[in-house]
Each structure stands twice: as C-alpha cells, then as structure tokens.
Amino acid sequence: MPMNYRLLCISVLTLFLSFTARGDKMPNILMIAVDDLRPMLGCYGDERMHTPNIDRLAADGLVFDRAYCQYAKCGTSRLSLMTGLRPDSVGVFSNNHNDVRRFRERRPDAVSMAQWFKENGYDTRGFGKIYHDGWDRAEEWSVPPSPGRDSEMLEVVDAKNPTAPTTIAVRTACPVFQSPDVEDDHLFAGRMTNKVIDVLKHKTEKPFFLALGYRRPHLPFVAPKKYFDLYEPDESWLTKVPEPSAGIPVAAWYNSDGYVGTAKKLGLTMPKRPEREAAVSWNGFEMRSYLGVPPKGEISTELQLDLIHAYAACISYVDAQVGKILDVLEAQDLRKNTTIVFWSDHGWHLGEHSAWGKMTNYEIATRVPFIISSPAHSNGRTDSIAELVDLYPTLCDLAGLDSPKHLEGESLLEVLQSPETKESSVARSQYLRFKDMMGKSLRTDQYRYTRWEKSGTGELVFDELYDHQNDPGETNNLVNSKSPEHRTALSRLQKLQW
Ligand SMILES: [Ca+2]
C-alpha cells in the first residue's frame, strides 16, 4: 500500500518538523512575582525611587501602565492568576485552606499555569511565594517547590545580634520594620536568589518555567540597612488624599474587617461594622498588628514617614535581587531566549483614604506593576488595559502552546505586537467586605465604577464613579453628578456585564 505508506511518511515528517519548530521556539519563562508592590518604581515615573534593575528590565520589555489585579489580597489574587479564573469562579475570598481545597475539588479542570507548562514539556520550578502560604501542590512543579516559603513573611532579625540567623515570630511579635546592617543573603530573599541562580547555572535541556516569588515589600518591612540609606523621605512623600471622601460609606475604604480576631488576641475589641470615625481610627489593622504601630488612632507624621521609608527600602532590596537574576541570565546566554514577566499581586495604600495596606477596590490597591519582556517583541509602554488574569493565556501564546479551555482572561499577544493600539477593554476587580457585601469594580480608560451589592441577592447598597482624567486620587464620587457626560458614562458602566 504505497499510498498509505507515503501518507504515513509525510505525517511522521510533519510531526517531526512541527515538534522541532516548536522546540526551537519555546522560550524559557521567568516569572518574577513581588508581594504587595504598588507601581512605586522608577520605570513607572517615580523619580524618588532607586530601582535600576527593574527599570533595566522595563527598558527591555513592554510596560503596562494600566494593569490591574482581580482581587486586592494575596491568596485570591494569586489563585486567580495561576488558574486563569476570575475570583467569582474560584470562589475563595478568605485565607481559609478548606475553601481552597473545596475549589480544587469543584474545579479539577482548572489546571494551573505551572502544571500546564509542565505537561507541555517545560521544566517548572517554584521558589518563594507564588501561591499564598500552604496553597502550593508539589504535583504542579517538576521539582517540589522550594521549602521555606512559610518562613520569610514573619522574618525577624535579632536587634542585639543582627548577624545571628533570622527567626520566625508570630505577626504580633514582629517589629513593623527593621534595617539590620547585613548582607543581602542574610535575609530570606537574598538566600532564595542564590538558590535560583544555582538553578539557572544548571539548566536542564528542557525550556524552563521558573516562578520566583519575593515577599517584600510585604510586611514586616525588613531589608538590609544599605537600602534604607538610599532614602530620606520628607513630607512631600505623604499622601495627598489622607481622608476618605465625605459621604463615601465605610465599606469602600475600611480594610480591617478581617482582623477582628487578630485584635481580640491582642486584648482589643474591634467593632465588626464600625461607623466612620471608628473606622478611620482602626483602619489599616494588618499593619497595626505589628510591633511599633499604634493599634488604633492617629499614626504620627514621623511614623508615617518611617513606614514609607521602610516600604521603599524593601522595594530596592527586591530590585537588587532582580538585578542578580538578570545578570546571571545574561552571563549564561539565556536572556535572548527567555521571556520575563514581572508582576505584583495587588497595590498598597500608604495612607490613602485613611487606609494602610491592601484590601480595597481603589486604584491604589488594584493597580499593579506589570512588565512583559519577550525577546520576540518590541519594547515600550502601553495604555491598553490589562488584567493579571490575562497572563496565563498570554504566556501560552508566547510559548506556542494551546490554552486550556477553562481560561477566563484574554491573551495580550496583540498588545505585545502593537503596543500603541489601545484596546477598549475593561479591568474587573472585586472585594468582599464584611463577608456579605461584594464590591465589583470596573476600570475603563477614563472611569472607575464600583458597585457594592449584597452577596447572594445582588441588591445595590451604594456605588462610586470616579473620573480619572480629572480626579486620579478618586476623591469625588460622581454617581449623583448632573453633568450629561457623567450621566452617560454611568449609564454605560451600569450596563456593562460583570
Ligand atoms: Ca500580596
């Protein structure tokens, strides 16, 4: 049967050629995740910051000026990004391990990015915080993820003996910031960098998918002294919008509702649903639960500046680690075939709207730094709106892999090909407040519209509309504006599908 034989030969040849072509094209992927980082970076126009290495990466990639997380809290944001599902589909809004287990039982089809790349020929490795603590599964990675990921967050330096090994303390026993005069690798982030460098120096034949999760600038703000020495913040660093806007209900800006139990452990009675004055006083309790910050009430200007100083120092500490990784990629001649993605899981309030920390739907908590440096694509900046949930399909496209069926984001490949094209897309973020009120936030080119509704019934509680062209600080709620322009925008946004 010569005809069939010929067909078989052609099929085998085609298969071989396509495999070879794909093998040649499959880039290495390095994903650098940073924890709790708002876009306070040189490459995002903040000239006060010393971030030469992230700036170097940005100069060699596409910087997304309008990238948003789907949920401004570590665990949910990261589960969404890694599974490619939106938070409503994941259904995990707490840090409860059982909720995560139930989600995985309910959605066995939601193969994670790490597992998908592993199944498609990649050597997948995870270091540090990719998922929230304890939510990792060994089977998603080619090698079980690096141990110690539960250890860095609450790292404490012995103040009397800074060069002694660091220890782990409960949150309420951790100083809110520390600036020991130690080498980078005395602290966890530096030690982790060394491990990753070792992996890069001993790369296998397979392309790698290397996910690297730095926990700074998450609290506690611990970094070597040399990074604190880079800054001397003055009052110009303080937020220009320290108060919640008049008439905006507490649910929009109060981010301590998940900390009633923590407060209780400290012998404090935090109201479950505070009125405005009490909410301002207790706001930012995640930070207030560390040593050195009053558990409620005013935070002095001096302390605010110390906190901002420490946050900036932690950013520069992470930046230095990124630099070491980039140097090794270049030295190993891997850079030309490695796509690098840099993201943070959400933004951070440094006093905006009376809040410190994350866990709101405001721009300051939902906007994230997001950089994709793909050797096959040009560099630049884009105003196209991007969401972290878009990363999974984008990386599949860049690697030449099919995307799994369950993904809910959209590939950013077209934006990478033509950064100047402004997609008329919308970013969707959400936040569950007081366990029974969901805030659903839409960010368009010009506006942010947030609808707070009762969970279950969907009944409107209140809503917010901000015009970013005139009010980037989101201080003036326009839902009752009589301006025809605002009425039109509001009506359009209210009709948008969530
Ligand atoms: Ca985080």
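Predicted model: local features only at pLDDT ≥ 70, side-chain atom pairs only at ≥ 80, totals over all residues.
View 1. Domain 1 covers residues 29–425, and domain 2 covers residues 436–498. Where the two meet, 14 residues of domain 1 are in contact with 14 residues of domain 2. On the side of domain 1 that touches domain 2, the elements that give two or more residues are helix H9 (250–253) and helix H14 (363–366). Sorted by class, the residues on this side of domain 1 are eight nonpolar, four polar and two charged.

**View 2. Helix H2 and its buried face.** Helix H2 runs over residues 52–59, and its residues Asn 53, Ile 54, Leu 57 and Ala 58 are buried. When one looks down the axis of H2, these buried residues fall within an arc of 145°, so they line one face of the helix. Such an arrangement can be read with a general rule in mind: an α-helix has 3.6 residues a turn, so residues three or four places apart point the same way.

**View 3. The packing of helix H2 on helix H13.** The axes of H2 and H13 are 7 Å apart, and the two helices pack at an angle of about 50°. Because angles from 65 to 115 degrees count as roughly perpendicular and those under 35 degrees as roughly parallel, H2 and H13 are described as oblique to each other. On the H2 side, the contact is made by Pro 52, Asn 53, Ile 54, Arg 56 and Leu 57, while H13 contributes Asp 319, Ala 320, Val 322, Gly 323 and Leu 326. By class, six nonpolar, two polar and two charged residues take part in this contact of H2 with H13.

View 4. A cis peptide bond, with omega of about 10°, joins Arg 216 and Pro 217, and Pro 217 lies in the loop between strand E8 (208–214) and strand E9 (221–222). Another cis peptide bond joins Leu 219 and Pro 220, here with omega of about -10°, and Pro 220 is also placed in the loop between E8 and E9.

View 5. Ser 354 has a positive phi of about 70°, although it is not a glycine, and its place is in the loop between strand E11 (349–350) and strand E12 (356–357). Ser 354 counts as buried because it has 22 C-beta neighbours inside 10 Å, and the cut-off for buried is 20 or more. Phe 434, likewise not a glycine, has a positive phi of about 55° and is found in the loop between strand E17 (427–433) and strand E18 (437–443). With 13 C-beta neighbours inside 10 Å, Phe 434 counts as partly exposed.

**View 6. Asp 397 and its surroundings.** Asp 397 sits in helix H15, which spans residues 391–399. This residue is partly exposed, with 16 other C-beta atoms within 10 Å. Leaving aside residues up to four places away in sequence, Asp 397 touches Ser 411 and Leu 413. Asp 397 and Thr 338 are 59 residues apart in sequence, and their C-alpha atoms are 14 Å apart in space.

Technical notes:
Residues numbered from 1 in each chain as written. Buried ≥ 20, exposed ≤ 12 C-beta atoms within 10 Å, placed from the backbone. Helix = DSSP H or I, 4+ residues; strand = E, 2+ residues; numbered from the N terminus. Arc of directions from axis to C-beta. Contact = placed C-beta atoms within 7 Å. Domains from an automatic or database assignment. Nonpolar A, V, L, I, M, F, W, Y, C, P; charged D, E, K, R; others polar. Axes fitted to C-alpha atoms, helices over the stretch in contact; angles between N-to-C directions. Parallel < 35°, antiparallel > 145°, perpendicular 65-115°, else oblique.
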